[in-house]
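Student: Please pick one part of this model and take me through it closely. Then tell me what else can be said of the structure from there.

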Amino acid sequence: MSFTLATWNINSVRLREVLVARLLTDEQPDILCLQECKSPVEKIPLETFRALGYTHIVARGQKGYNGVAILSKLPITDAGERDFASLGHARHVAARLENGVTIHNCYVPAGGDIPDREVNLKFGQKLDYLTEMRDLFHGEKPEKSILVGDLNIAPREDDVWSHKQLLKIVSHTPIEVDHLNAVIEAGDWVDVTRADIPSGQLYSWWSYRAADWDAADKGRRLDHIWASRDIANAAHGSRILRAVRGWDGPSDHAPVFASFDL
DNA sequence: ATGGTTGTTCGACAA
């Protein structure tokens, strides 16, 4: 069995319904995981996605913030959600394919502006969120599992436009990178994108605030696809669709793709 | 060092 999977922080699924439909039509991933839907589940434009063949949908939502959804052409069942750090936010949902593969769709808290939990509650919540993810995967080692999403951390030097200039910027601080790597180690996860594309600058997010995001190219790789060790060698064909960041009325994130031959 | 943009929803907040 083979399938292609994508992850995309959509920054309002209702405002960008047409963009989601365009990606589904143009690229035909079997599964699309969305974050920051910013919508209750009942207000997600599911009929549009169903009409394009994405008839299997697992989602969690809330009004105005967060929200995660998995749209699939392949049959999936709801495999529950986790409320890491007990924030009461819709930031995680899991689905299971008929071949037993579990997909975790995650939206890790951004963490605010100041990288110090003593003065910034949101930064502490981000670290706690990652610690509880680590503890889950330490307790039950993932098998036949894929974890995707906006993890809001760019771990490697070549995952950001300037390692030196971002060392004290939330998303690339050493303590965040340590926490993210602890999740990877606890679950023995493989970073599929970097297994496929081992060197060179790689970004999935560019700020709205840049006058010319494409020319400035001050990006960060915040969006990830991981696989559990047992299926990691089935992954291939990773790519980040940078051109999507240039569509009219874009999300500030580009979608990340990977394929699996299982 | 600062300010820069966008979305939700009409005033802040979050990113």
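A sheet, then the pockets and the DNA

Tutor: Six strands form an open sheet, with mixed pairing and the order β3-β4-β2-β1-β14-β13. Strands (E, at least two residues) and helices (H or I, at least four) are DSSP runs numbered from the N terminus, and two strands pair if DSSP finds at least two bridges between them. The model is a predicted one, in which local features need pLDDT of at least 70 and side-chain atom pairs count only at pLDDT 80 or more, while totals for chains, interfaces and linings use all residues. Residues are numbered from 1 along each chain as its sequence is written, chains are lettered from A and ligands numbered from 1 in the order in which they are written, and side-chain values use heavy atoms, with hydrogens and water left out.

At the edges of this sheet are β3 (56-60) and β13 (235-240), each of which pairs on one side only. From one strand to the next, the twist averages 15 degrees; the axes are lines fitted to C-alpha atoms, and angles run from 0 to 180 degrees between N-to-C directions. Within the sheet, β2 (residues 31-35) pairs with β4 (residues 68-72) in the antiparallel sense, over five bridges. Opposite Leu-34 stands Ala-69 in β4.

Another open sheet of six strands, also with mixed pairing, has the order β5-β6-β7-β8-β12-β9. Its edge strands, β5 (76-78) and β9 (189-191), each have a single partner strand, so one side of each has no neighbour in the sheet. Here the twist averages 25 degrees from one strand to the next. β5 and β6 run antiparallel and are joined by three bridges; Asp-78 has Ala-95 in β6 as its bridge partner.

A pocket is an open set of points on a 1 Å grid over the protein atoms alone, where a 1.4 Å probe fits, with protein on both sides within 12 Å along at least five of seven lines; lining residues have an atom within 4 Å of a point. The second largest pocket has a volume of about 230 Å³, volume being the space filled by probe spheres set on the points. It is lined by 16 residues, and Arg-82, Arg-96, Thr-102, His-104 and Glu-140 are the closest to its centre. β6 (92-97), β7 (102-107) and α3 each supply at least two lining residues, and β6 has the largest share, with three.

The largest pocket has a volume of about 1200 Å³. Of its 38 lining residues, Ala-110, Asp-113, Asn-152, Trp-205 and Arg-209 lie nearest its centre. α3 (121-139), β10 (205-206) and α7 (213-216) each give at least two residues to this lining; α3 gives the most, three. The lining has 15 nonpolar, eleven polar and twelve charged residues, where Ala, Val, Leu, Ile, Met, Phe, Trp, Tyr, Cys and Pro count as nonpolar, Asp, Glu, Lys and Arg as charged, and the others, Gly among them, as polar.

Polar side-chain atoms lie 3.0 Å from a phosphate oxygen of DNA strand B for Arg-16, 3.1 Å for Arg-91 and 3.3 Å for Lys-122. A polar contact is a pair of N or O atoms within 3.5 Å.

Methods
Polar contact = N/O pair within 3.5 Å; in protein donor to acceptor, adjacent residues only side chain to side chain.
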